[in-house]
Structures are given as C-alpha cells and as structure tokens.
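Me: I would like to go through this model with you, one topic at a time. Could we start once the structure is on the screen?

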Amino acid sequence: MSIRLLILGTGGMANNHAEGFAKIPGVELVGGVDTRPENLTVFCEKHSIPKGFASVAEALDWGGFDAVTNVTPDAVHFATTMPVLAAGKHVLCEKPLATSASDARAMAEAAARAGVVNMVNLTYRNVPALQQAARMVAEEAIGTVRHFEASYLQSWLTQPAWGDWQTEAQWLWRLSSAHGSKGVLGDVGIHILDFATFIAGQSAQTIACQLATFDKAPGGRIGEYSLDANDSAVMQVRLAGGALGVVHTTRFATGHLNDLRLRIYGDLGGLEVGFEGAVSRLRACLGDNRLTGAWEDVTCPDVPTVYERFVAAIRGEGPMEPDFARGAVLQSLLDHAEESAAQGGMSLSV
Ligand SMILES: NC(=O)c1ccc[n+]([C@@H]2O[C@H](COP(=O)([O-])OP(=O)(O)OC[C@H]3O[C@@H](n4cnc5c(N)ncnc54)[C@H](O)[C@@H]3O)[C@@H](O)[C@H]2O)c1
C-alpha cells in the first residue's frame with residue numbers, strides 16, 4: 001500500500017522525520033506545513049516535497065494525503081492534531097503529546113473515535129536494549145520487580161558540545177517558562193518515565209517530585225529570557241505491583257551528553273539497560289550468577305524505527321505502539337510530578 005505523507009512543522013526535528021520516512025518503500029512525502037514561509041520553502045526544497053501550506057486548514061482543504069507526522073512545537077500539538085484526526089488521517093505526533101493530561105486524553109479519545117493509526121514518538125523505544133529488557137521482565141526472567149533506578153543525564157548547561165546555551169535561542173527558550181518550557185522535566189522527563197515504566201511493564205501508582213532551578217546568569221535573566229524553568233528533577237515512583245524506584249534527570253550531568261540508564265531488580269535477577277554515548281547495552285545478573293554477583297551482556301535484536309513502525313501499523317502489518325493513550329498516561333504522570341513539586345515533594349496518587 002502506498003502512503004502519502006504530510007509533514008506538519010518543518011523545523012529542526014522534522015528533518016529526521018523526512019529522512020526516516022523517505023527511506024521507506026511506498027511512502028511519498030507529498031506536502032509540508034509551516035507558519036513560517038522561509039522554513040517551509042527551504043525544507044520542501046531540501047527534501048523534494050512538492051507542496052507547501054501555511055496552515056493545517058489549507059492542507060486539509062487540499063486533502064491529498066493519507067497520514068500526517070506532527071513535528072510542531074509542544075504547545076501546538078493539540079490544536080494541529082485535532083482537525084487532522086477529524087478528517088480521518090493517521091497521525092504520528094512528536095512527544096509530549098500535549099501540554100496537559102486533559103488535552104492529551106482528548107487527543108487519544110478523538111483518535112480512537114476516528115479509528116485511525118495514532119502514535120507518539122517516544123524515541124528511546126527504538127533502543128534494542130529497552131525492547132529486549134521489557135520482553136525479559138514480561139517473561140518474569142527477573143521474577144517480581146521490587147526496585148529500580150532510572151536516569152536521563154544531559155550536560156548542555158556545562159559544556160558546549162551542542163552549542164552555546166547562553167547565546168542560542170534554541171537553548172535559551174528551554175530555560176524559560178514564559179517561552180513555553182516546562183524545564184528538564186517537561187523536555188526529557190517523559191522519555192525516562194516511559195523508559196522505566198515500559199520496561200517494568202507496570203503503571204505508576206504514586207509519584208513524588210522535587211525540582212531545582214539553579215542560578216545561571218546575573219538576575220536570573222539573559223535578554224528577554226527569564227531563566228526560571230527547572231534544571232534538575234528527582235522523582236520517587238511506586239509501581240502498581242508495589243515496586244519502588246527513583247527516576248531523575250538533569251542538564252547538569254557533566255560528562256554525560258545524552259545518557260539514559262535503568263537498573264531494575266526482581267527477586268530472581270537484575271537488569272541494567274543503558275543507552276549511553278548512543279550505544280545500546282543490556283546486562284543481566286540471573287540464575288547462578290546471583291551467587292557471585294556476576295553480570296553478562298545480553299544480545300538484543302534490532303528494532304524498526306518509529307517511522308517504519310508507523311507505516312507498518314497503517315498497512316496492518318504491526319502494532320500501533322506507543323499510541324496516543326500511552327502518551328496521555330505519561331502526560332498525566334508529568335502533570336502529577338509538577339503538582340507534587342509545587343506541594344514541596346508530596347507523594348500523589350496518579
Ligand atoms: N522525540 C525526540 O527525541 C525529539 C527531539 C527533538 C524534538 N522533539 C519534539 O519535536 C517537536 C518539534 O521540535 P523542533 O526542535 O523541531 O522545533 P522547531 O522549533 O525547530 O520546529 C517547529 C516548527 O513548527 C513550526 N510551527 C509552529 N507552529 C505551527 C503551526 N501552528 N502549524 C505549522 N507549523 C508550525 C515552526 O515554525 C517551526 O518551523 C517538539 O514537540 C519537540 O518536543 C522530539
């Protein structure tokens with residue numbers, strides 16, 4: 001089945017989407033949408049996309065597409081996805097699905113009503129170690145899960161590998177709530193909460209969270225940017241099965257550009273799941289190795305990209321995972337974490 005794809009939002013991340021989809025046989029990039037004409041023109045030329053539109057409404061009036069990949073900023077995911085769902089188009093939406101759990105739930109309900117394929121781009125679902133670890137936990141290789149620790153470490157506030165945060169708008173907006181940022185919690189907290197709870201195969205029952213915003217410039221401000229968004233988040237999470245764990249993330253982890261890790265322990269074994277230095281690695285301590293505390297590497301099969309999985313789901317050849325309903329569950333966790341932090345770190349039922 002050939003699929004005509006519309007790319008909604010033609011900024012930085014949209015390049016990954018365009019390149020990822022262009023590699024899939026039978027997928028045609030037929031149109032782009034952006035409110036900034038200069039972005040749109042450059043993007044469409046670069047990726048040989050024939051049609052450009054200034055709004056979702058214009059693209060829907062034309063209607064010559066089957067599916068949409070939504071790569072607009074977080075704050076416009078809801079407003080741009082809802083009309084597309086109403087028109088019966090399949091949607092892959094960037095994370096986070098929305099900026100509140102109620103909007104995310106409304107999107108999940110609208111997608112279910114429309115009966116279309118709906119997926120959210122939780123990038124680290126592509127990591128082979130994550131998928132293999134989730135399978136092993138589901139098969140009870142480590143027995144009953146009792147304890148876990150998960151971290152997502154970045155260091156762009158202490159090193160210039162990704163650019164200069166003090167002068168570049170793409171970093172400064174992420175430090176300022178007035179510019180739509182929910183800090184490190186809102187930016188990458190969703191990834192590590194998904195990483196931990198997906199592998200554990202359980203939902204969170206309670207969450208407690210503390211957030212910290214550190215002094216980074218005189219008066220807490222650089223130009224128009226008030227640097228008030230959180231830089232570090234530490235959460236305590238109890239899972240539905242009773243296991244207790246910590247989940248934390250920061251932009252101050254000097255030495256770690258972009259590293260995710262989960263250590264998860266059950267009564268029969270332990271797993272260490274890493275995506276550090278962009279390398280996927282799974283280690284396990286199982287069986288007799290528990291006696292000596294020896295760990296062994298586990299081989300993990302490759303995982304199709306989210307773009308390949310979205311296309312497979314449209315063709316009826318694969319599951320629709322992670323879907324909007326999952327995106328809404330994670331959004332609710334983020335909302336509760338924020339609320340907990342506002343109440344001094346009180347544990348809240350999710
Ligand atoms: N999954 C990941 O690992 C990952 C990584 C980076 C970014 N993201 C997500 O991707 C999304 C886009 O991020 P980005 O870094 O590419 O941002 P960006 O600012 O570079 O690009 C967004 C584009 O959307 C356009 N836009 C804004 N409002 C619009 C509207 N109403 N209709 C059409 N176009 C509109 C902007 O003009 C801009 O060109 C965000 O939700 C972000 O969280 C996800």
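Predicted model: local features only at pLDDT ≥ 70, side-chain atom pairs only at ≥ 80, totals over all residues.

Me: Fine. Where does S48 lie, then?
Reply: S48 belongs to the loop between α2 (37–46) and β3 (51–53). Its phi is near 50°, a positive value in a residue other than glycine.

Me: Which peptide bond is cis, with omega near -15°?
Reply: That is the bond from K95 to P96. P96 sits in the loop between β5 (90–94) and α5 (101–114). A cis peptide bond also runs from E321 to P322, where omega is near -5°. P322 is placed in the loop between α10 and α11.

Me: On to the ligand. How many residues surround it, and which are the closest?
Reply: The ligand is surrounded by 22 residues, and M13, D34, N39, D74 and T123 are the closest.

Me: What is the shell like by class?
Reply: The shell around the ligand comprises 12 polar, 5 nonpolar and 5 charged residues.

Me: How much of the ligand does the protein bury?
Reply: The protein buries 78% of the 850 Å² that the ligand exposes when taken alone.

Me: Change of topic: cavities. How many are there of 30 Å³ or more?
Reply: The count is 2 cavities of 30 Å³ or more. The largest cavity holds about 180 Å³ of space.

Me: What lines the largest cavity?
Reply: Its lining has 18 residues, with D74, P96, K182, G186 and D187 nearest the centre. Two or more lining residues come from each of α8 (183–200) and α11 (324–342). By class, the lining of the largest cavity divides into 7 charged, 6 polar and 5 nonpolar residues.

Me: What about the second largest pocket, what is its volume?
Reply: The second largest pocket has a volume of about 230 Å³. It is lined by 14 residues, and Q131, V303, P304, R309 and P319 lie nearest its centre.

Me: Which helices contribute to that lining, and what are the classes?
Reply: α6 (128–138) and α10 (306–314) each supply at least two residues of the lining of the second largest pocket. Its lining residues are 7 nonpolar, 5 charged and 2 polar.

Me: Last topic, the aromatic rings. How many pairs are counted?
Reply: The count is 9 aromatic pairs. One of them, Y124 with Y152, is edge-to-face, at 5.7 Å centre to centre and 90° between the planes.

Me: Where do Y124 and Y152 sit in the chain?
Reply: Y124 is in the loop between β6 (118–121) and α6, whereas Y152 is in strand β7 (residues 145–154). The two are 28 residues apart, and the pair links distant parts of the chain.

Notes: Residues numbered from 1 in each chain as written. Heavy atoms only, no water. 1 Å grid on protein atoms, 1.4 Å probe; cavity = no way out; pocket = protein on both sides within 12 Å on 5 of 7 lines; lining within 4 Å. Points joined across faces, edges and corners; volume = space filled by probe spheres on them. Helix = DSSP H or I, 4+ residues; strand = E, 2+ residues; numbered from the N terminus. Nonpolar A, V, L, I, M, F, W, Y, C, P; charged D, E, K, R; others polar. Near = heavy atom within 4 Å. Areas by Shrake-Rupley, 256 points an atom, 1.4 Å probe, with all protein chains shown as cover. Phe/Tyr/Trp six-rings, centres within 6.5 Å; stacked < 30°, edge-to-face > 60°.
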